[in-house]
Amino acid sequence: MYRPSSLLSNPPNQDFSLRGGSDEDNLDNSLEAERRYFKLRPGFATSDQTMELCNPYHEDRNVSQDERDFNPSSVTFEWLRQAESASLYGGSEDYTRPVLHHVRSWGREVVREKPFSVIHEFDAWRKNPELAEAVAAIKALTAVIKRSGASTMMGLEVELKEASDALKAWDESSISLSAGCDLFMRYVTRTSAIEYEDIEAGKARLIERGEKFGDISQKARRTIAELGKDFIVNGTTVLTHGYSRVVIALLKLAASEGKDFNVVCTEGRPDNTGAEMAKELVPAGIPVTLVLDAGVAYMMETIDMVLVGADGVVESGGIINMLGTYQTALIARSLKKPVYVAAESYKFARLFPLDQRDMSPAPRHVDFLVPLPQTVRVENSARDYTPPQYLTLLFTDLGILTPSAVSDELIQLYL
Amino acid sequence: MVAAMPDYQAAVDDFVTKLRRRQVEGSFNTAKHTAELLRQVVSHQRLPHVGQAAVLIDVVKTVGLRMIAANPIELAVGNIVRRVLHIIREEDVSLTSSALPGVSVESDDDDSDSKSSYSAAAVAAANRSALRAPSLHNLLESIPDPVKAPVAPAVSVADSDSKRSGDRNSVSWKLKHNVIEGITELLQDIDDYHTQVAEQAIEHIHQNEVILTLGRSRSLLKFLLEAKKKRSFQVVIAEGAPRYQGHTLAKELAEKGLQTTVITDSAVFAMISRVNMVIVGAHAVMANGGVLAPVGMHMIALAARRHAAPFVVLAGVHKLCPQYPHNPYTLLNDMKSPAEVVEFGELPECLDVESGDHTTYVVNPTFDYIPPELVSLFITDAGGHNPSYVYRLITEYYSPEDYVLQ
C-alpha cells in the first residue's frame, strides 16, 4: 500500500490553533479548515499561490517543479499534522490525559481542557507504526464511547455515527479506514439491539468489544503469517509489490523456520516501497532482488508466486492495492503463476468496482524529475483494482479463502 | 482414556496396520471403515455428566490422528474424522440451544480446545466466531480462551444457567445417541452416493454424444449405466497405464451393450476433437476446487480445455477435503512399485546400482493434481456445483476448528 511521504523534518514554530478572539468556537475546526483551504491529500504538495480549490491536474500544471516538495513555504499535509500535534500535546507522548491550553473566553484568558476531537484521537493512534489505519479508527471510536456523555444507547449510537462520518470525511480515499468504521458501527448497532438495564453496562460492553476487536486485528498479522507460510517452500522465488506489513510478517516467519527462498521486490515508484521492503527483509536473512516496475514481466519466468498485501478487499473478491498490482496479476496469470493476497479481515469493504475508475479517486503527487510542457496531463492515481479472476487465494485472519468465498464472509461480517 | 477401552482398540490397530500396508485403499472403502470404527469408538466411550462433547471430540481426534498418520495420502480418512467431529459439535449445539429456549448459541464456544497451543486455523476459527453476530455467548466469553473458566454470567442469564445444568443430566445420553445416529446417516450417505450421483446422469448426457474417460471409476460406471437407460451414446476409454483399469471398465460397459472404444493414453489428443464431453472420477477434491485424480487425468483435462470440451468430475461429498494444497504437484502423491511400469529384470544394465554410471530411475506416481481452472463441473451427491462453490460445501460439512487437526 502507498504511504504518504514525510517531506520535512522540522516543523516551523508557528502556532496554528491559537489565534484571534474566542477560539473555543473554531478550535476543532482549525485542522479541517486548513485542509479544506489547502485541498490536502496525503503527500500532496501545494504552493502559496494556489489558494483556491482546484483539481490535481491543474495544480500539477501550474506549479513549477522546483517550487514543489522542498520549498519550506509550501504547506503539506504531513507538516501541518506535525505542527498541529506539536502545539497540542507539547511534545509529550501521553495522548490520554486531557490537553490543557490557554484560550480567550469572554475577554479573559482561561485554562480549559481541550474539547475532545475524534480526529485528534485517531491521529494519535495512527502515529504508532505498527498500527493499521482501521485499528486506529476503532480505537478512536472506542475513546469516543469512553468520553461520551450520552444517557441512552440511541444517543451513543448517534454520537458514534457522527464521529465515524467525521473520520471518513477526513480521508475519503482510505478504504480500510471506512471499512474499519463500518465494522465497528455494525457492532454498536447489533449490541444496542440487546436491551441493557443501564447505559454504563452497555458502554462497558462496547468498550470491551472495541478493545477486543483491536486485539484481534493486531493478532491478525500473526494468524495470516501462520496460515500462509506453508505456501513458501525451499527454493521458492516470491515477487512482491508495494509495502505491506502483513507480507513482511509472513516472509519473516517463513524465514525464521529456516526456509530457503528469495524475494523480488518492485521498485514501487514514487514511494520507494521496494527499498523499504528490502530494509525490512534483509535483516531477516532473506535475499532480496530489486527490479523496476517495468521489469515485472521480464522477471516473471523466474518467479514461483506473487504475494501482495491489499488496501481493501472488495465484494467481488478482488483487491484494491498500490498502482501496479493489476498489471503484476495480469502478467502472473499469463505466465500461469499463482497470485496470493495477504489481507486482514477489517479490510473487507462493501464496494463493488466495475472498472478501474469506479473507485473514489486517490491522486498522488508524482515527481517526473524533468520539467514537463504545460499541456501535458498527469494520470496520478495511487491505486488500482485487481479483479478476482486474477487472484488465486487470499490469506486472511478468517482463514484461507478463494476469491469467491469473500462475498460470503462479507455477508457474515455485516449481518 | 483410549487405553482404558480395549473393545475397539484392536479394531483400530488392525485398521491402522491395513492402511499403512495399503491393504485397504480407495476413498470409498477407507471412508466406510473409518466411519464404522468411529461409531464404535463413540458408542463404547463412557461420558461424564458435564463437558461431554469435549470428551467425545478428544477421543475421536486421538483415534483419527492415528488413522490419518497411517496413510496421509488417503484423504478420505481425514475427511470422515472431520465429518464426525462436525456432527458432534452440531449435536451439542442443538441440544444446548433446546435447553436454553429462544437463545441462539454459537457452537464454537462450548467445545474449544483445552490445550493452550493454538494453530493458526484455530485462531482463524475463533476470529470467525468473534466477528459474527454477537450472541449471548460471544458477549460473555473472551476469545480465544485457552482454559474454559466459566465467566460469571450477567444477571439476565443466571437463572437459565442453573436450568441448563439441570437439563444436562437428563439429556446426558442424548448427545451420544444423536451422534451415533448422525454417523449412521453418514454411513448411509457414503453407501448411497453412487446412486445420488447417477440420478443426475440424464441431465448431462445427451443423445448421440461421445464421452471420453480414463481408467475406471465405480461412480462413473453407475453414472453411464443410468444414462444408458434413456439415451444412446458412445464411450471412449483411455486405458490408464500402468494399471490398465480402462480395460475392466470397457468390458463392464460392453456387457451392458454400450458402444465403447479403448485407446491408449497417448492417443487422447488425437481423439479429443471427436469427443463431446469428458467425465471422470476423482480420488479427492481440495478446498480450492483442485482435484486429485489417477495419473494421466491432468493430461485429459488439458486436452479437454484445449478443445473446449466440458470436463466433469464425479465426486462424493466424502472426498471433499477442507485443506488447501500448498505444493500439490509434489506433496500429495504416492509412489507405487516401479515393477508395474518396467518389470524387474527387464533392464538389467540400467538398474545396476553398483556401476554408478548407468542408472535409470523408474517412477510410478499414483495421482495427478488438476488445478480448478480446468474443471467445468463437479457432480456430487449434493448436486452439481462449480469449482468456485466448493468452499460453500466445505463450510456445510466441516467445522472451521477441525480444518487442521492437532
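**Figure 1. Aromatic ring pairs in the predicted model.** Six aromatic pairs turn up over all chains; a pair here means rings of Phe, Tyr or Trp (its six-membered ring) whose centres lie within 6.5 Å, with planes under 30 degrees apart counted as stacked, over 60 as edge-to-face and the rest as tilted. In this close-up, A:Phe231, A:Tyr340 and A:Phe395 are joined by ring pairs into a cluster. Please keep in mind that this is a predicted model, where local features need pLDDT of at least 70, side-chain atom pairs count only at pLDDT 80 or more, and totals for chains, interfaces and linings use all residues. Residues are numbered from 1 along each chain as its sequence is written, chains are lettered from A and ligands numbered from 1 in the order in which they are written, and side-chain values use heavy atoms, with hydrogens and water left out.

**Figure 2. The two domains of chain A.** Chain A splits into domain 1 (118-218) and domain 2 (232-366 + 379-414), with bounds that come from an automatic or database domain assignment. The centres of these two domains, taken over C-alpha atoms, are 28 Å apart. Where they touch, 18 residues of domain 1 of chain A are in contact with 16 residues of domain 2 of chain A (contact means heavy atoms within 4.5 Å).

**Figure 3. Area buried between the domains of chain A.** The size of an interface is often given as the accessible area lost when the parts come together. Between domain 1 and domain 2 of chain A, about 1300 Å² is buried, and carbon and sulfur atoms give 62% of this area; buried area is the accessible area (1.4 Å probe) that two parts lose on being put together, summed over both. A:Ser173, A:Ile175 and A:Leu183 supply 39% of the area that domain 1 of chain A buries against domain 2 of chain A, more than any other three residues.

Figure 4. How many salt bridges cross between domain 1 and domain 2 of chain A? The rule finds zero, a salt bridge being a side-chain nitrogen of Lys or Arg within 4 Å of a carboxyl oxygen of Asp or Glu. On the side of domain 1 of chain A that touches domain 2 of chain A, α5 (133-146), α7 (175-193) and α8 (199-228) of chain A each supply at least two residues. Helix α7(A) gives the most to this side, with seven residues. Helices (H or I, at least four residues) and strands (E, at least two) are DSSP runs, numbered from the N terminus. Sorted by class, this side of domain 1 of chain A holds ten nonpolar, four polar and four charged residues, with Ala, Val, Leu, Ile, Met, Phe, Trp, Tyr, Cys and Pro counted as nonpolar, Asp, Glu, Lys and Arg as charged, and the others, Gly among them, as polar.

**Figure 5. A salt bridge between two loops of chain A.** Over all chains the count comes to 23 salt bridges. One of them joins A:Glu257 to A:Lys229, with the closest N and O atoms 3.4 Å apart. A:Glu257 sits in the loop between α9 (245-256) and β4 (261-266) of chain A, and A:Lys229 in the loop between α8 and β3 (236-240) of chain A, so named as distant parts of the chain, 28 residues apart.

**Figure 6. The domain interface of chain B.** Here the assignment gives domain 1 (6-101 + 152-193) and domain 2 (199-402). About 2000 Å² is buried between these domains of chain B, 54% of it given by carbon and sulfur atoms. B:Ile73, B:Arg82 and B:Tyr193 supply 34% of the area that domain 1 of chain B buries against domain 2 of chain B, more than any other three residues. Four salt bridges are counted between the two domains of chain B.

**Figure 7. Backbone details in loops.** The peptide bond from A:Arg269 to A:Pro270 is cis, with omega near -5°, and A:Pro270 lies in the loop between β4 and α10 (273-281) of chain A.
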